[in-house]
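Subject: Structure handover

Hello,

Here is the structure I promised to pass on. Please open it and keep it beside this note.

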Amino acid sequence: METTRRKFIEICVAGATPCAAMAASPATPAAIASTPLTAKKYNRVKLVDIDGKAIKAKSLKAHHNYVFNYPYASTPCFLLNLDKALPEKVSMKTDTGGTYDWPGGVGVSKSIVAYSAICAHKLAYPTPQVSFISYRPQPSKINARGQVISCCADKSVYDPFIGARVVSGPAPQPLAAILLEHDAKTDELFAIGTFGGEKFNEFFQKYDFKLSMEMGDKAKDAVTATAKLTDLAAYSTQTAQC
Ligand code: FES
């Protein structure tokens, strides 16, 4: 015990102020003030297939991993048909205290959702080579229920039925929601913006070199007019399992 105390004192000599604070008030994390967020508008883009034909909402397979890049040319998002009507409004919170109401699903059955596929923990994302993050319809080692988005990099699990809130693991906040619009007449789908804790700036910073090697100066180009929807299996050669 005395050795531990001596070590603590030695460390404190190197940085007196934090140690004084630790000694005075142990384990009282500062409360993060809540700040209501507003949805962020980006270009309104139509989701199309690889031939450029508009995707019809009714054609989406249930519990299937679809990917499209939005709102930037290098930032992937998941599109999921969860095959049941989802709650219309759920209160969510980011790690910096931002609050927002996730608006639920779109489509005739209100079952279609989209989220940024950039993990809120350390920004793992689907690349052409591998995806550590994906929707897992079946139970897995890290989630007994299944029907969750799992990131195998450090085992964060998100619930896509409830705004991609964190179910378990180190992720500090939900995946950012991608706002969708459904045209009831044509059954077409549009991405129109984001809601929640975007990670795009951190993503561009972290992967600056990699993205410039792969895409030159196009990584931060805004997606305009249309976004191509593909199967995750076509987007990434391998999907990590955990
Ligand atoms: S990067 Fe996804 S859990 Fe760490």
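Below is what was found in it, topic by topic.

First, the ground rules. This is a predicted model, in which local features need pLDDT of at least 70, side-chain atom pairs count only at pLDDT 80 or more, and totals for chains, interfaces and linings use all residues. Residues are numbered from 1 along each chain as its sequence is written, and side-chain values use heavy atoms, with hydrogens and water left out.

Disulfide

The whole structure was searched for disulfides, meaning pairs of cysteine sulfur atoms within 2.5 Å. The search gives 1 disulfide. Its partners are Cys-152 and Cys-242, with sulfur atoms 2.1 Å apart. The link of Cys-152 and Cys-242 is left-handed, at -80 degrees about the S-S bond. Cys-152 sits in the loop between β10 (148–151) and β11 (156–159), and Cys-242 in the segment after β17 (238–239), so the pair ties together parts that are 90 residues apart in sequence. Strands here are DSSP runs of E with at least two residues, helices are runs of H or I with at least four, and both are numbered from the N terminus.

Are these two cysteines buried or exposed? Buried means under 20% relative accessible area, exposed means over 50%, and partly exposed lies in between (1.4 Å probe, protein chains only). Cys-152 is buried at 10% relative accessibility. Cys-242 is buried too, at 12%. Two further cysteines are also buried: Cys-77 has 0% relative accessibility, and Cys-119 has 2%.

Aromatic rings

Rings of Phe, Tyr and Trp (its six-membered ring) pair if their centres lie within 6.5 Å; planes under 30 degrees apart count as stacked, over 60 as edge-to-face and the rest as tilted. The whole structure holds 12 aromatic pairs. One of them joins Tyr-100 and Phe-195. This pair is tilted, with 5.3 Å centre to centre and 40 degrees between the planes. Tyr-100 belongs to strand β6 (residues 98–102) and Phe-195 to strand β14 (residues 188–195), so the pair ties together parts that are 95 residues apart in sequence. Tyr-100 is buried, at 4% relative accessible area. Phe-195 is buried as well, at 13%.

There is also a ring cluster. Ring pairs link Tyr-42, Phe-68, Tyr-70, Tyr-72, Tyr-125, Phe-200, Phe-203, Phe-204 and Tyr-207.

Arg-44 lies over the face of Phe-190, 3.8 Å from the ring centre. The test asks for NZ of Lys or CZ of Arg within 6 Å of the ring centre and within 35 degrees of the ring normal.

Salt bridges

A salt bridge is a side-chain nitrogen of Lys or Arg within 4 Å of a carboxyl oxygen of Asp or Glu. The whole structure has 7 salt bridges. Among them are the following:

- Lys-40 and Glu-198 bring their closest N and O atoms to 3.7 Å. Lys-40 lies in strand β2 (residues 40–48) and Glu-198 in the loop between β14 and α3 (200–206), so the pair ties together parts that are 158 residues apart in sequence. Lys-40 is partly exposed, at 42% relative accessibility.
- Lys-89 and Asp-101 have their closest N and O atoms 3.9 Å apart. Lys-89 is in the loop between β4 (76–81) and β5 (90–93) and Asp-101 is in strand β6, so this pair ties together parts that are 12 residues apart in sequence. Lys-89 is exposed at 62%, while Asp-101 is partly exposed at 32%.
- Asp-159 and Arg-145 have their closest N and O atoms 3.3 Å apart. Asp-159 is in strand β11 and Arg-145 in the loop between β9 (133–136) and β10, 14 residues apart. Asp-159 is buried at 4%, whereas Arg-145 is partly exposed at 47%.

An open sheet

Which strands make up the open sheet of 4 strands, and in what order? The order is β9-β10-β11-β12, with antiparallel pairing. Two strands pair if DSSP finds at least two bridges between them. β9 and β12 (165–168) are the edge strands, each pairing on one side only. Neighbouring strands of this sheet are turned by 35 degrees against each other on average, direction ignored. Here axes are lines fitted to C-alpha atoms, for helices over the stretch in contact, and angles run from 0 to 180 degrees between N-to-C directions. The antiparallel pairing of β9 and β10 has 4 bridges. Ile-133 stands opposite Cys-151 in β10.

Best wishes
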